Amino acid sequence: MIKIKINPQCAWGKDNEIRAYIEAIYDRQNKYGVDIDKSYADIASDVNENGTTNVKNFIDPKRLELVKSEFEVIKERGELQYNDFYTEQVAHPLLTCNSVYDIVFDDKVIEIAKNYFNCVPAVTNVQLRKSKATEQLEQHIPGNGQTTLFHCDKDSPRFIKFFFYLDDVDESNGPFTYVKQSHIKKFEGWDSKYRWKHREISSIYGEDSIVKQCGNVGDLVIGNTNGFHKGTKVTKGERTLLSVYYSVHPTEWRDTYGGKIRKEDYDSLPDHKKPLADFLVRSET
Ligand SMILES: O=C(O)CCC(=O)C(=O)O
């Protein structure tokens, strides 16, 4: 098992939150056992040490093309949850896109997450979002476009997001960007505000600590987004992104936005995958 790296000074809720976090892991170990496939330990260790990793050619791009097509269909039907000049977002992809199931509950994805948490974790949210080129300054982009500024998520003191690019991503179309080791190394006053400009973060951590995770459709980028991160602003073209959040406790800890699953889809998951949906709200529709 990996030796979990966590720092109370880097958690929004400090010591109490860390204690509750560790208890949540023990609870899940007791409930669901610790049968973990070690072949994915290196990937989990990299995220544990550095806060992010990029696994090349992780998944068949065809599976991701299906998700992108479903996104476009939902958009054409006028059923996006949110739509502005920078961001287009689908609400609750587990309710609206059949193709995401296959990825969210993929065996390899689950094994990486198990290696990271030392227990069977659970999905807390899924997001499907397109970002489009703009010349606006980051601080003037509305809604979820604010994720183009550095921030540390409040969902948990230690959790992970799996990012699947649905377009090839270079420096110009929005790479997920992470300050290496900022999940365990913060600075005095890091929690005095939520959004930080690039130059502020760069002057504290140094430009060399900032990793832009460029990659192709099929690569898997992972981040513990309790560290400083952002989606670098798209300046050319667009980027559609599927994000899957794994954690060991529900999002209600911090009132963050949680994911939903249809009850019948939950019922049809194989028994060994049901714990992965422990924290998804069951919807009848
Ligand atoms: O768009 C991205 O690459 C990062 C999104 C983000 O900031 C987040 O999921 O918290």
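Let me start with the ligand. The residues of the shell around it divide into two nonpolar, five polar and three charged. In that count Ala, Val, Leu, Ile, Met, Phe, Trp, Tyr, Cys and Pro are nonpolar, Asp, Glu, Lys and Arg are charged, and the others, Gly among them, are polar.

A word on the model. It is predicted, with local features needing pLDDT of at least 70 and side-chain atom pairs counting only at pLDDT 80 or more, while totals for chains, interfaces and linings use all residues. Residues are numbered from 1 along each chain as its sequence is written.

Around the ligand are Thr147, Asp153, Lys161, Phe176, Thr225, His229, Lys230, Gly231, Leu241 and Ser243, where being near means a C-beta atom, placed from the backbone, within 6 Å of the molecule. Strand β9 (229-231) gives the largest share, three residues. β9 and β10 each supply at least two. Strands here are DSSP runs of E, at least two residues, numbered from the N terminus.

Now β5, residues 160-165. Six of its six residues are buried, that is, 20 or more other C-beta atoms lie within 10 Å of their own, with C-beta atoms placed from the backbone. On one side these are Ile160, Phe162 and Phe164, and on the other Lys161, Phe163 and Tyr165.

What does β5 pair with over six bridges? That is β10, residues 238-247, in the antiparallel sense; pairing takes at least two DSSP bridges. Phe164 has Leu242 as its bridge partner in β10. β5 also runs antiparallel to β8, residues 220-223, joined by four bridges, and there Phe162 stands opposite Ile222.

How values were computed:
Buried ≥ 20, exposed ≤ 12 C-beta atoms within 10 Å, placed from the backbone.
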